[in-house]
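Please look over the structure below before reading on.

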Amino acid sequence: MTRMLGTRMLVERTAPDAAALQAELTDLLQLEHDALPAYSVAIMALHDARLREELRAHRADHERHVEDLSALIRARGGIPLRLPHMPTGLFKLAVQAAGAPGGDRAVLLAFVSNEWQSQEKYARHAARPHDPEVAALLRRHADDEARHYAWALDALEAMGCGTGTPVGRMTKAFARFHGSTADAVEAAGRVALETVVRTLRAA
């Protein structure tokens with residue numbers, strides 16, 4: 001048992017090889033393509049101009065993330081995919097759209113449900129071992145995601161729907177379930193993509 005744990009710790013402390021890195025970066029790029037259409041739906045649905053402007057600034061961060069990740073994937077010999085995750089990207093869009101008729105509070109509650117996964121996922125990837133260039137990029141993106149999520153929580157707190165309220169607790173529980181389910185599906189896709197990349201590199 002001790003030997004198995006030691007082996008796992010050694011693997012987790014080792015930077016990914018080329019195929020694993022391509023799959024990891026592609027997974028994060030798809031996460032950005034999940035976010036962009038959901039942001040557009042949220043921005044169109046918001047009535048408060050200040051909230052719309054804040055989300056536009058956050059969407060610009062995601063657009064920069066797409067450019068950064070795409071450039072890094074190309075630099076490492078890959079081809080950037082301009083596609084969301086299937087089917088989880090569509091479900092995230094549906095979650096955001098479901099909040100649209102309910103006013104600004106419902107829009108932000110839906111936004112938080114999607115953003116929870118983004119900030120959690122980026123934080124995990126940023127904590128893994130990478131070479132300095134990749135590590136710096138992932139840390140910047142993770143910081144952006146944490147800022148977006150914190151802003152949304154603060155906005156909901158001002159609306160009376162903070163994390164200590166029944167609505168806030170229900171939203172967090174849904175976000176965890178929704179995000180964890182998406183993570184599991186997307187992880188399977190990442191493993192499949194890594195296998196394909198490894199096969200092509202070996203051919």
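**Cavities, a pocket and the surface**

Student: How many cavities of 30 Å³ or more are there?
Tutor: This is a predicted model, and what follows is computed from it. A cavity here is a set of points where a 1.4 Å probe fits but cannot get out. Counting those of 30 Å³ or more by this rule, the number of cavities comes to two.

Student: Which elements give two or more residues to the lining of the largest cavity?
Tutor: The largest cavity holds about 100 Å³ of space, and the residues that line it include Leu31, Ala38, Lys92, Gln96, Phe111 and Ser118. The elements that each give two or more residues to this lining are α2 (18-45), α4 and α5 (103-127).

Student: Which element gives the most to the lining of the second largest pocket?
Tutor: The second largest pocket has a volume of about 230 Å³, and among the residues lining it are Gln22, Thr26, Gly77, Ile79, Leu193, Val197 and Leu200. With five residues, the element that gives the most is α7.

Student: Is Leu200 buried or exposed?
Tutor: Leu200 belongs to helix α7 and is one of the residues lining the second largest pocket. Its C-alpha atom is separated by 9.5 Å from that of Ala19, a residue 181 places away along the chain. Since the cut-off for exposed is over 50% relative accessible area, Leu200, at 62%, counts as exposed.

Student: Which residues make the nonpolar surface patch of about 330 Å²?
Tutor: A residue needs over 30% relative accessible area to belong to a patch, and Phe91, which lies in helix α4 (residues 88-99), is partly exposed at 45%. The nonpolar surface patch of about 330 Å² is made by Phe91, Phe174 and Phe177.

How values were computed: Residues numbered from 1 in each chain as written. Predicted model: local features only at pLDDT ≥ 70, side-chain atom pairs only at ≥ 80, totals over all residues. Heavy atoms only, no water. Patch = residues over 30% accessible without salt bridge, like charges linked within 9 Å, V, L, I, M, F, W, Y side chains within 5 Å. Areas by Shrake-Rupley, 256 points an atom, 1.4 Å probe, with all protein chains shown as cover. Salt bridge = Lys/Arg side-chain N within 4 Å of Asp/Glu carboxyl O. Helix = DSSP H or I, 4+ residues; strand = E, 2+ residues; numbered from the N terminus. Buried < 20%, exposed > 50% of the residue type's maximum accessible area, 1.4 Å probe, protein only. 1 Å grid on protein atoms, 1.4 Å probe; cavity = no way out; pocket = protein on both sides within 12 Å on 5 of 7 lines; lining within 4 Å. Points joined across faces, edges and corners; volume = space filled by probe spheres on them.
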